Amino acid sequence: MTLLRAENLYRTFPAAGGFARRKRVRAVTDISLTMYENETLGLVGESGSGKSTLGRLLIGLDQPDSGTVYYRGQDLSQLKGQDKKRVRTEMQIVFQDPWASLNPRKRIYDILSAPLLYHNYATKADVGTKVAALLEKVGLSPESSERYPHEFSGGQRQRIGIARALSLNPAVIVCDEPVSALDVSIQAQILNLLQELQDEYNLTLLFISHGLASIKYLSDRIAVMYLGRIVEIAGAEKLFSSTYHPYTRALIMSSPVPDPYRRQEPEALLSGEIPSNIDPPSGCHFHPRCPLAEDSCRREIPQLTPVPDDLTHLVACPIALAGGGL
Amino acid sequence: MMATGHNEPVLSVRDLAISFKTEQGERILLRDASFEVKRGEVLGIVGESGSGKSITALSLMGLLPVSGRVSHGEAWFEGQDLFTLSPRQLDRIRGKRIAMIFQDALTSLNPVFTIGNQIVEGIRAHQDISKAQATQQAAQLLSRVGMADPDNVLGQYAHMLSGGMRQRAMIAMALASEPALIIADEATSSLDVTIQAQIMHLLRELSLERDMSVLLITHDIGLIAQMADKVIVMYAGEIVENTDVFTLFEAPGHPYTRALLETVPSIEDDKDRELQAIPGVVPEDYDAISGCRFAGRCAYVEPKCRESRQIMLPLDKCRQVRCIRAQNNELEFVHSTQCEASKIALARRKQEAKAKLSERLRT
Amino acid sequence: MNRGGLLRYILKRLLIAVPVLIGITLIDYLLMNLAGNPIDMLIGPRVTEAAKAAKMAELGLDQPFLVCYWLWLTELMRGNMGYSLMTYQPVTQMIAQNLSPTLLLMGTSMLLSFLISIPLGIYSALKQYTLRDYAIVGTAFLFISIPGFFLALVLVYLFSTKLGWLPSSGMKTLGGAGGMLDTLRHMIMPVLVLAASVTGSNIRYIRSSMLEILQQPYLRTAEGKGIGRFKVIGKHAFRNAMIPIVTLIGLQLPMLLGGAVVVEQIFSWPGLGLMTMSAILNRDFPVIMGVSLLAAIAVLMANIITDILYAIVDPTIRYD
Amino acid sequence: MTENSYLRTIWKRFKRHRLAMVSLVFLSLVIIIALLAPLIAPYHPDRISGDFGAPPGNGHLLGTDDVGRDVLSRLIYATRISLLVGVLSTVISTVIGVVLGLVSGFFGKFIDAIIMRFTDMVMSFPYLLLVLVAAAIFGPSLLNIIIILGFVNWPGVARLVRGNVLSLRERAFVQGALVAGMPKPYILFSEILPNTMAPVLIHSSSVMAFSILDEAALSFLGMGVQTPTASLGNMLGAATSQAVLTDLPWLWIPPGIVIVLLVMSVNFIGDAIRDAFDPTN
């Protein structure tokens with residue numbers, strides 16, 4: 001069942017280069033996307049691809065310049081009063097930086113209990129037990145509620161961040177690079193925790209990452225973004241087994257494989273830099289770096305089109321589609 | 001240039017210990033570190049944050065922050081112990097014979113001088129040539145590291161370049177005087193994967209082309225597999241394993257190494273793979289631990305592990321570990337290994353890369 | 001940074017200053033109204049009440065506040081800042097006559113302060129946590145904490161009264177031959193007093209900005225190139241440390257202007273400060289308001305120039 | 001560890017600053033003396049209790065002034081006045097600055113532009129001149145001085161708070177509170193405000209040091225606290241007469257030293273607080 005649907009989202013920001021004329025960064029350009037209940041959608045892209053902005057737009061933490069987000073069929077921007085408040089709490093987020101995501105001046109108890117009390121998810125009498133239960137759920141001892149954020153390690157803070165996101169019984173959680181600031185030995189703990197919680201609470205997750213490996217591990221479907229647009233979206237296995245878009249291919253080839261026998265082929269590596277998203281290249285934004293680029297790529301913006309035998313696998317590259325998948 | 005044979009170490013570090021002054025008094029953040037880098041070899045140092053890998057590199061360059069000091073040890077490089085040199089003597093080596101590439105190129109390049117100015121300065125510090133000649137040389141270097149328009153880049157400031165270009169500029173700067181050893185400290189961690197792959201490829205080519213040794217410091221196991229010939233694994237201020245890259249992935253000798261390999265997701269994995277998480281966290285005040293520092297998180301721990309300080313000992317010809325149980329042959333996963341096979345694989349991989357490079361240079 | 005961009009930035013910066021400038025004149029005018037009737041300030045006191053009323057009607061000052069403000073503003077544009085209640089002179093003329101001694105005093109103090117504080121601030125940062133650092137910082141604190149007038153009294157007591165080395169007031173020896181040397185002798189103490197507190201805060205500012213720079217990774221890179229400690233500090237750190245000093249010039253102007261009032265009063269230095277102080281003591285509002293308006297505009301201009309200079313010296317600067 | 005232990009860490013770091021500890025002791029002592037002035041002062045500060053201009057000694061520890069009042073007693077009362085001015089005007093300007101800064105930073109846009117341009121205006125007037133003008137208009141009195149100093153000192157605080165709010169607003173924990181659907185007042189007062197208090201406290205210490213100096217300067221110039229009420233500034237003002245300066249140094253040297261020590265200790269304490277809160281330390 002469809003839980004979230006985005007239609008033609010656009011979002012720009014004023015560029016910070018102040019001497020220049022007021023230019024705008026095109027963070028998200030013409031994105032339509034559906035998220036189904038109880039799935040994990042992976043969103044992968046490099047810096048400037050607009051993946052975080054898209055995540056924030058989907059849960060209403062930011063408003064699009066144009067386009068609409070529907071949550072259970074309702075237009076987010078049209079919600080008012082109690083409805084708005086309710087929907088607001090059903091969509092949560094886990095941030096990347098565990099050091100900035102908790103108020104340093106508050107005890108964990110205060111951080112977790114305030115929203116519970118405000119939204120009447122708990123009473124003064126039982127809020128203590130509820131906080132303790134939340135902490136146990138994410139693998140922390142109930143006693144930690146008396147402590148301050150600076151007394152925890154990065155991984156533990158991320159657990160607290162997850163507990164906060166869980167506290168209001170959300171339907172959707174956006175995980176914005178939740179493990180990229182953590183040590184490798186801690187990353188798996190958090191990934192496993194997210195997986196467990198999703199199974200237990202039937203959560204819908206949007207998992208944002210710049211690396212393919214962790215996203216493959218967690219996601220049911222994966223969307224690949226490049227300079228504000230989605231270039232390919234497919235089932236997690238499918239994306240790797242029959243890759244269409246040349247950028248997706250390059251991304252896979254560039255990810256260092258932990259196996260010394262399988263060396264990266266220099267021929268498969270992308271050349272060139274990621275262009276600025278203030279003045280993205282004309283036509284297909286990827287064409288200056290693309291090994292398949294033809295003249296038409298410079299002019300026409302490719303639309304997401306299903307691959308021949310799979311309607312759920314969409315690719316924004318007519319040339320790759322004509323040539324068949326990997 | 002000193003004549004060094006291929007099996008001669010370029011750099012040889014013995015019993016290195018580094019301590020820092022902190023609010024709680026003097027803390028030993030690295031101890032008992034010994035390793036060698038051979039000519040033309042890429043030595044990878046892998047470890048999590050706080051394991052001591054960066055301070056090891058900084059100590060070799062004499063760049064430890066003022067609160068830190070080398071409290072013990074030697075580092076022999078081209079016949080001199082780096083730790084006994086005066087800053088002035090050190091200046092004749094760093095930038096010339098050993099160069100370093102840092103993680104964040106934006107803050108590591110001076111914002112108020114042009115790229116050209118900063119490269120030329122490095123060249124002229126070690127070569128007695130005119131500014132014009134040095135500028136010409138700088139342009140050549142920039143073009144070698146893959147800059148499309150070197151003459152233009154010479155006049156630009158760091159903030160005008162993209163992340164990948166900045167890192168290329170840093171590499172060009174490091175190459176200025178044809179160093180024997182390049183230290184790359186998380187040189188690509190803040191870059192995107194497609195850019196990281198380019199930079200790493202460049203580094204590998206340069207090392208082959210100039211027979212230059214590389215000390216590659218990273219937390220990324222994937223990069224280690226792709227780049228390193230030999231590997232040092234660090235945990236909580238100690239080296240826990242020292243081996244070659246093929247042996248490391250095939251037959252890790254230390255429980256931490258094994259756990260680390262298990263915990264990393266890979267795009268090659270099946271989707272249903274269960275990630276084995278290492279429980280717990282890196283102990284914060286590890287220099288207070290008297291026994292094995294990994295004991296608290298180790299799946300194979302026994303009381304004797306906590307009893308005495310662990311030391312590095314060889315398991316066989318190609319593995320050294322800091323684990324008493326592995327040394328006593330009590331861990332079933334530490335199966336015997338074919339050191340010779342790894343050596344051959346290593347040599348073959350290098351040969352293939354060399355062939356590819358010469359082919360590319362010819363065209 | 002391109003030239004067109006810089007020009008656009010300067011233009012933008014000036015545009016932002018316009019409402020501030022209008023606001024300053026409005027505040028000035030408001031204060032003037034609080035202090036008395038603006039008519040007295042515009043036409044001078046030597047007129048009868050009847051003439052005043054006629055003049056008021058003629059000038060339109062019997063009209064609503066904003067209209068009056070507009071009239072006052074147009075007069076101001078023509079250079080008419082009104083007349084002094086004490087000397088009957090036009091305020092513009094008085095300011096013009098007293099300006100140069102004050103500028104001489106302030107300029108010399110600023111120069112002296114930079115000559116002392118830049119090397120000391122940098123040195124102190126390099127020697128952080130040493131005895132010399134503590135001594136410099138301690139002295140800086142003393143300079144900041146000592147009231148200018150107290151320092152002036154101490155200096156006068158020592159060098160004029162007790163030792164008789166330096167003249168305690170004025171700009172020239174009365175009946176003396178005058179000349180540059182004479183003026184210089186008169187300047188020593190006022191300049192020292194005026195420079196003291198500015199120097200103290202400059203040292204602290206430069207020291208802390210230098211300390212921050214010393215932590216920057218690019219210094220490590222420079223040192224890693226083997227160019228030598230001297231060049232690392234003298235070139236890489238110094239050039240970056242010079243950037244915030246531009247801002248200091250803008251920050252100092254108000255401090256120096258305020259200080260000048262006190263210093264000129266004590267040393268009877270015949271400048272704007274002395275003139276202002278006597279205007280304040282005599283409730284000579286046209287003069288007071290004229291001077292404060294001028295000062296506010298000067299500070300505003302200094303801030304704009306500072307911002308523009310900053311944009312020029314720092315290649316990374318970006319403004320919205 | 002708890003909140004207490006956090007403050008204890010700060011306190012531990014503060015204690016390392018030895019001059020600040022000395023300053024703290026000195027300042028506490030001065031405050032006690034000021035509070036207990038009527039009990040401690042040997043004479044009534046405004047009444048003649050001895051010869052004209054008698055040097056120290058003979059029952060008057062610091063001598064008497066040119067009309068025969070006890071200098072020590074006047075000094076004690078003067079310190080009391082200076083502290084009063086310093087503390088009250090700092091409180092006024094901090095409150096104004098925090099409120100304007102919070103409003104400006106949190107609501108942004110039009111309100112922000114107006115408040116910030118107004119701040120620019122006030123800041124453009126040379127500070128001491130503005131105070132002098134205001135004192136000339138409203139008349140010099142203790143209350144007026146406190147109010148005037150309070151009303152000209154806020155722009156620095158406002159800018160500081162605004163800057164902090166702007167950066168805190170983008171921090172993940174504030175965004176998290178937004179996502180949790182918490183109301184605006186909660187976010188402003190419970191998430192943002194507590195995190196701006198440390199920099200405000202540090203800034204306030206320097207505002208207080210300046211206020212004490214400015215009161216002294218004003219009174220010295222005759223535009224501040226008026227005699228016979230003694231203030232440190234107007235006691236020094238007596239030394240503008242050549243006779244006092246040369247022949248009665250005990251009239252002006254002690255109040256001068258007291259001002260310097262007072263201001264220095266406030267500055268040292270502020271500096272130590274800054275260091276204690278600085279995470280890079």
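**β7 of chain B**

I began with strand β7(B) in this predicted model. Five of the five residues of β7(B) are buried, so the strand is largely enclosed by the rest of the structure. Buried means under 20% relative accessible area, exposed over 50% and partly exposed in between, with a 1.4 Å probe and protein chains only. Strands here are DSSP runs of E with at least two residues, helices are runs of H or I with at least four, and both are numbered from the N terminus. I looked up which way the side chains go. Leu181(B), Ile183(B) and Asp185(B) point one way from β7(B), and Ile182(B) and Ala184(B) point the other way.

Before going on, I noted the ground rules. The model is predicted, so I kept in mind that local features need pLDDT of at least 70, that side-chain atom pairs count only at pLDDT 80 or more, and that totals for chains, interfaces and linings use all residues. Residues are numbered from 1 along each chain as its sequence is written, chains are lettered from A and ligands numbered from 1 in the order in which they are written, and side-chain values use heavy atoms, with hydrogens and water left out.

**The sheet around it**

Next I checked the partners of β7(B). Four bridges join β6(B) to β7(B), and the two run parallel. Ile101(B) has Ala184(B) as its bridge partner in β7(B). Five bridges join β7(B) to β8(B), again in parallel. There, Asp185(B) is partnered by Ile217(B) of β8(B). Two strands count as paired if DSSP finds at least two bridges between them.

I then traced the whole sheet. Eight strands of chain B form an open sheet in the order β6-β7-β8-β3-β9-β10-β12-β11, with mixed pairing. Which strands stand at the edges? They are β6 (98-101) and β11 (313-316) of chain B; each has a single partner strand, so one side of each is left without a neighbour in the sheet. The twist averages 20 degrees from one strand to the next. Further along, four bridges join β3 (residues 42-46) to β9 (residues 230-235) of chain B, and these strands run parallel. Leu43(B) has Lys230(B) as its bridge partner in β9(B).

**Helices of chain B**

I looked for helices lying across this sheet. Helix α1 (residues 53-60) of chain B lies across β3, β6, β7, β8 and β9 of chain B, running at about 145 degrees to β8(B). Helix α8 (residues 193-210) of chain B lies across β3, β6, β7 and β8, at about 155 degrees to β8(B). Axes are lines fitted to C-alpha atoms, for helices over the stretch in contact, and angles run from 0 to 180 degrees between N-to-C directions.

Then I turned to helix α11 (residues 255-263) of chain B. Seven of its nine residues are buried, so α11(B) is largely enclosed by the rest of the structure. Among the buried residues are Pro255(B), Tyr256(B) and Leu260(B). I asked what covers them. The cover includes α6 (184-201) of chain A, together with α9, β9, β10 and α10 of chain B. Contact means heavy atoms within 4.5 Å.

**Chain A**

I moved on to β3 (residues 40-44) of chain A. Five of the five residues are buried, so β3(A) is largely enclosed by the rest of the structure. Thr40(A), Gly42(A) and Val44(A) point one way, Leu41(A) and Leu43(A) the other way. Five bridges join β3(A) to β8 (residues 204-209) of chain A, running parallel. Leu41(A) has Leu206(A) as its bridge partner there. Four bridges join β3(A) to β9 (residues 221-226) of chain A, also parallel. In β9(A), Val44(A) is partnered by Val224(A).

I also found an open sheet of four strands in chain A. Its order is β2-β1-β4-β5 and the pairing is antiparallel. The edge strands are β2 (24-36) and β5 (74-75), each pairing on one side only.

I stopped at one residue, Ile108(A), in helix α3 (residues 108-118) of chain A. Ile108(A) is buried, with a relative accessible area of 0%. Residues that Ile108(A) touches include Leu135(A), Tyr148(A) and Phe152(A), not counting residues up to four places away in sequence.
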